Structure formats: structure tokens, C-alpha cells
Amino acid sequence: KKNNIRLVNGHGRIADEHKVVVETDGGSETITTDKIIVATGSVPARLPVKGLEIGGDVWTSTEALEFTKAPKSILIIGAGAIGLEAGYTLASLGTDVTIVEMMPQILPATDAEVAQELRKALEKSGIKFMLESQVTSAEKTSAGLKVSIKTPDGDKQLSAEKVLVAVGRKAVIGDIGLESVGVKDDGRKIIVNEHMQTNVPNIYAVGDVVGEPMLAHVAWAEAVVAVEHAV
């Protein structure tokens with residue numbers, strides 16, 4: 001308010017190059033503007049694995065930030081930044097942590113030597129790793145979940161009180177009206193140039209919605225670039 005910014009709570013969709021329609025609790029409002037910046041962010045990616053429907057004993061990164069009591073045990077799927085951060089935090093709280101990763105190293109996009117040293121440190125903290133492995137199914141039990149895992153040494157089963165699906169994040173590009181004005185995406189993210197400008201000149205996109213790296217400080221910098229170019 002101090003900066004003369006008006007916040008409208010609702011679901012916004014781009015109607016044309018200069019209009020956004022917002023569905024609110026009280027109806028709808030059409031906002032007319034010179035420039036539009038899409039910053040719809042991302043949601044946790046999900047796995048099409050039987051028994052891993054989100055909810056209850058299956059967490060995403062959202063639930064991993066909301067728990068009131070550390071579980072006795074957790075199986076984390078994905079050894080990227082989210083999975084490792086959650087695993088280290090929970091291990092520090094006394095949780096028995098196992099992390100399953102389909103690639104041959106943790107932090108797959110990172111330098112191999114760095115990843116190896118980090119793995120050693122995390123193992124010292126009590127975290128167990130199953131690399132080159134994939135979760136194939138999960139079954140609910142009275143104690144939590146029984147998880148089936150395909151490993152280089154054959155199929156195995158582990159039981160855990162909770163399972164955290166940490167296989168990355170997915171940009172929110174659906175149901176926001178991109179197709180109504182022809183904003184291009186590649187199915188995973190909005191395509192932008194060095195000014196964070198889409199193929200529709202007055203529409204920009206910043207943050208997780210334009211893809212990796214999905215980090216807060218990156219989104220902030222992208223927003224600065226977009227605004228300075230837009231004005």
C-alpha cells in the first residue's frame with residue numbers, strides 16, 4: 001500500500017495482450033494494463049507411482065515445512081537440493097532418513113567431486129543413500145508405508161513412517177490464459193529472452209515459471225530485469 005500497489009486476491013487469467021480477468025470470491029474483475037508480468041511460480045512435481053498419491057503419509061516439500069513432530073523414519077525420493085535439505089534437517093531431529101536417487105550420484109547436476117564429499121558428510125550425520133534406484137510402488141500399512149524399490153542389487157522393500165517426494169518442481173503454466181494470446185512455452189516453462197520478455201512484447205515472465213534454476217534470489221533478479229525493460 002505504501003508503494004501504491006493494489007493486491008487483488010483471486011485466480012487470474014490473461015484475456016488478451018492488455019487484459020487480465022481475475023475470478024474473486026465476489027465475482028470477477030477485469031484489469032486493463034500496458035504490461036503484464038507472469039510470476040505464477042511452481043508446484044512440487046509428482047511421481048506417477050501407485051501408492052504415492054500426495055496426502056497423509058506422503059509429503060511434498062510443502063508438507064515437509066509444516067510438520068509439528070519429526071517422524072521416526074522417512075524415505076525421501078530424490079537427492080536434489082530439496083531432498084538433501086529436508087533429509088539433513090530431519091536427521092538432525094533424530095529421524096531415520098533414507099534417500100533414494102535414480103542417478104549414480106547425489107545432486108546429479110553438480111560437480112562429481114563436490115557431490116561425493118557432500119555425500120560423505122551427510123552419511124556421517126546418519127543419512128543412508130540408495131543410488132541408481134527407483135521407487136516402483138508403495139503400500140499403506142498400520143505403521144506408515146511399505147515401499148518397493150528397484151536397485152542395482154535387485155528389488156528391495158523398506159518401511160517408513162513418512163515418504164517425501166522431492167523430485168523437483170513444475171512451473172505453473174496451465175489455466176492462466178497463455179494460449180489466449182499465443183505466449184510460447186515448451187510444455188515445461190514459458191520461453192523468454194534476455195529481458196525476460198515472451199514472444200508477446202508486452203508480456204514478461206519471471207521466477208520458477210521460466211524454469212531452472214528455481215531459486216528465490218534468481219527470481220528476484222529476473223523481476224528486476226523485467227521491470228527495468230518494461231518501463
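This is a predicted model: local features need pLDDT of at least 70, side-chain atom pairs count only at pLDDT 80 or more; totals for chains, interfaces and linings use all residues.
Residues are numbered from 1 along each chain as its sequence is written, and side-chain values use heavy atoms, with hydrogens and water left out.

View 1. A pocket is an open set of points on a 1 Å grid over the protein atoms alone, where a 1.4 Å probe fits, with protein on both sides within 12 Å along at least five of seven lines; lining residues have an atom within 4 Å of a point. Volume is the space filled by probe spheres set on the points, which are joined across faces, edges and corners. The lining holds 47 residues, and Ile82, Ala166, Val167, Gly168 and Arg169 are the closest to the centre. Two or more lining residues come from each of helix H1 (81–92) and strands S8 (96–101), S10 (134–141) and S14 (169–171); helices (H or I, at least four residues) and strands (E, at least two) are DSSP runs numbered from the N terminus. H1 gives the largest share, 7 residues. By class, the lining has 27 nonpolar, 12 polar and 8 charged residues, where Ala, Val, Leu, Ile, Met, Phe, Trp, Tyr, Cys and Pro count as nonpolar, Asp, Glu, Lys and Arg as charged, and the others, Gly among them, as polar.

**View 2. The second largest pocket.** Of its 19 lining residues, Arg6, Val20, Ile31, Ile36 and Ile37 lie nearest the centre. Strands S1 (11–16), S2 (19–24) and S4 (36–38) each give two or more residues to the lining, with the largest share, 4 residues, coming from S1. The classes here are 11 nonpolar, 5 polar and 3 charged.

**View 3. The largest nonpolar core.** A nonpolar core is a set of buried Ala, Val, Leu, Ile, Met, Phe, Trp, Tyr and Cys residues joined through side-chain atoms within 4.5 Å. This core has 22 residues, and Ile14, Val38, Leu178, Val183, Ile190, Ile203 and Val209 have the most contacts inside it. S2, S4, helix H3 (178–181), strand S15 (203–205) and helix H4 (216–230) each supply two or more residues, and S15 gives the largest share, 3 residues. Apart from this core lies another, of 20 residues, among them Trp59, Ile106, Leu107 and Ile127.

**View 4. Ile99 and Thr98 in strand S8.** Ile99 counts as buried because its relative accessibility is 0%; buried means under 20% relative accessible area, exposed over 50%, and partly exposed in between (1.4 Å probe, protein chains only). Ile76 sits 23 residues from Ile99 in sequence, yet their C-alpha atoms are 4.6 Å apart. Leaving aside neighbours within four places in sequence, the contacts of Ile99 (heavy atoms within 4.5 Å) include Ile76, Gly83, Leu84 and Phe129. Thr98, at 10% relative accessibility, is also buried.

**View 5. The hairpin of S11 and S12.** Strand S11 (residues 144–151) pairs with strand S12 (residues 154–160) in the antiparallel sense over 7 bridges; pairing requires at least two bridges found by DSSP. A hairpin of 2 residues joins S11 to S12. Look for Lys146, whose bridge partner in S12 is Ser159.
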